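Let's walk through this one together, a helix and a chain at a time. Keep the viewer open and follow along.

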Amino acid sequence: MTGQETKSSQISDEELIKRFQDGDLYAFDLIVSRYKDQLFNFTYRFLGSAQEAEDVVQETFLRIFRNRFAYRQIAKFSTWIYTIAGNLAKTELRKRKRRKIVYISDLGFDDKEYEIEDVKANTEREVESSLAEKHIQKAIEELPERFRKVILLVDVQELPYEEVSKILHLPLGTVKSRINRARLKLQAKLGDLMDRQK
Amino acid sequence: MKICDRIVKEAFNYWDGMLTGQEQEEISTHIRTCPHCEKRFAQARQIRQALRNLPKLKTSPHFHLLLHARMRREVNRKRALLPLPITGWAWQVPAYAAAAIILIAGGIFIDQVINQRAPDSRSIYTNSTAAETVVIPVQQTEQAAPSRIKNYVMQPIPMERLLSMNRRHAAGQQQQLERRPADTSRAGLQRPQENLSGVRQVSAPVQF
């Protein structure tokens, strides 16, 4: 890691957006690098289509670029960006329901190059893991929208409850009860798979 | 079984450490004694772990390029929407052009209005009493005497000529009266005179 990278990683999101508001485009690039993968994971798990997810992430950054002065430092930047991405993903999902198109990407990954971190060396385990992942993804997609969002933000993105409550504009108690119900629903769907994996 | 259902519902909160000390302790004791709840608790832990271990995907390598292209398009679109920078006299060109268009349009409009009104306001005397010239509309005269008067041209009568005509007429009248003092009753029955151009001249009331 170079000295500049170390320096830039120490700058807070709020400081970066402030610099961007002052006209520093490099600060915007840093924000993009910091959040693009996080947002892509969130939107991909929510929508189930890599192409759509990437479009949504692009649109999220464009919105930030366009409305950079709308951000006030009273809220965390991550809350703002996740709110925008979540709303756009929701809109995309509604559009898709209207179109009623079945995407090939729903069955797996697209032709586009999406890098997956290679954690396991064992091929057999990789296949098993990939199958399990598909099952989990399918189970997430089958959840009602309100549960899906909350489980992705808390369990996949690992955001604190307080931040999720702000992103979703819900009281903290509602978030907690929703996450519990969402997990129980997932457990009902994935219980057998978990038993097999033991 | 009721206690098992209640405890299973708290499984995730138990793993997240969101329960009070007493509740945590109660559940720990129950799991050790109930194989059904133990299994459910194990599942809950696995699911939580599986969600956290989902592969972290990355965007396509050309994500930045695409985004920059879209940003450039956005900036260009904004520039296109903005008006051109106004420098020096440049603003005067459209201003003068607009003024000229308004003037021309106004002129055309006024001309049309006058042309439309002209036939409606036909009268024998189109001038006011204070005017310097008297105009006899051609059409009116033609309608009045179509057989005798043809090809009238609308001509203004100069005030000096009108006055001299008036004076001559008055002098003529005077002479007639002097010649025939007894026949005064017919003095006002003279026919209007005609000049060579064919314009019917009327002794218009002239005020000074």
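Start with helix α4 of chain B, residues 35-52, in what is a predicted model. This helix has 18 residues and reaches 26 Å from its first C-alpha to its last, close to the 26 Å expected at 1.5 Å a residue. Which residues of α4(B) are buried? They are B:Arg40, B:Phe41, B:Gln43, B:Ala44, B:Ile47, B:Ala50 and B:Leu51.

Now zoom out to the rest of chain B. Its secondary structure comes to eight helices and zero strands, so to speak an α-α-α-α-α-α-α-α run from the N terminus on. Of the 208 residues of chain B, 8% count as buried. As for contacts in chain B with a separation of 6 or more, 47% of them are accounted for by residues 24 or more positions apart.

The contact takes 33 residues from chain A and 26 residues from chain B. On the side of chain A that touches chain B, the elements giving two or more residues are α3 (25-47), α4 (50-66), α6 (123-142), α7 (145-156) and α9 (172-197) of chain A. The largest share of that side, eight residues, comes from α9(A). What are the residues of this side like? They divide into 16 nonpolar, five polar and twelve charged.

Over to chain A itself. There are nine helices and zero strands in it, and reading along the sequence gives α-α-α-α-α-α-α-α-α. Of the 198 residues of chain A, 31% count as buried. Residues 24 or more positions apart account for 65% of the contacts in chain A with a separation of 6 or more.

Next, have a look inside. The largest nonpolar core has 54 residues, and A:Ile31, A:Ile81, A:Ala85, A:Val150 and A:Ile151 touch the most other members. The largest share of this core, eleven residues, comes from α3(A). Pick out A:Ile31: leaving aside residues up to four places away in sequence, A:Ile31 touches A:Asp13, A:Leu16, A:Ile17 and A:Phe20.

Two of those core residues, A:Ile81 and A:Ala85, are among the buried residues of α5(A). Helix α5(A), residues 77-99, has 23 residues and reaches 33 Å from its first C-alpha to its last, close to the 33 Å expected at 1.5 Å a residue. Buried along with that pair in α5(A) are A:Phe77, A:Trp80, A:Tyr82, A:Gly86, A:Leu88 and A:Ala89. What covers the buried residues of α5(A)? The cover includes α2 (13-21), α3, α4, α7 and α8 of chain A.

With 17 residues, α4(A) reaches 24 Å from its first C-alpha to its last, close to the 24 Å expected at 1.5 Å a residue. Its buried residues are A:Ala50, A:Glu52, A:Ala53, A:Glu54, A:Val56, A:Val57, A:Gln58, A:Thr60, A:Phe61 and A:Ile64.

Finally, check the backbone in two loops of chain A. Most residues other than glycine have a negative phi. A:Glu158 has a positive phi of about 55° although it is not a glycine, and its place is in the loop between α7 and α8 (161-167) of chain A. Is A:Glu158 buried or exposed? With 9 C-beta neighbours inside 10 Å, A:Glu158 counts as exposed, because the cut-off for exposed is 12 or fewer. A:His169, found in the loop between α8 and α9 of chain A, is another residue other than glycine with a positive phi, near 55°. A:His169 has 7 C-beta neighbours inside 10 Å, so it counts as exposed.

Methods. Residues are numbered from 1 along each chain as its sequence is written. Chains are lettered from A and ligands numbered from 1 in the order in which they are written. This is a predicted model: local features need pLDDT of at least 70, side-chain atom pairs count only at pLDDT 80 or more; totals for chains, interfaces and linings use all residues. Helices (H or I, at least four residues) and strands (E, at least two) are DSSP runs, numbered from the N terminus. The expected span of a helix is 1.5 Å times one less than its number of residues. A residue is buried if 20 or more other C-beta atoms lie within 10 Å of its own, exposed if 12 or fewer, and partly exposed in between; C-beta atoms are placed from the backbone. Two residues are in contact if their C-beta atoms, placed from the backbone, lie within 7 Å. Ala, Val, Leu, Ile, Met, Phe, Trp, Tyr, Cys and Pro count as nonpolar, Asp, Glu, Lys and Arg as charged, and the others, Gly among them, as polar. A nonpolar core is a set of buried Ala, Val, Leu, Ile, Met, Phe, Trp, Tyr and Cys residues joined through C-beta atoms within 7 Å.
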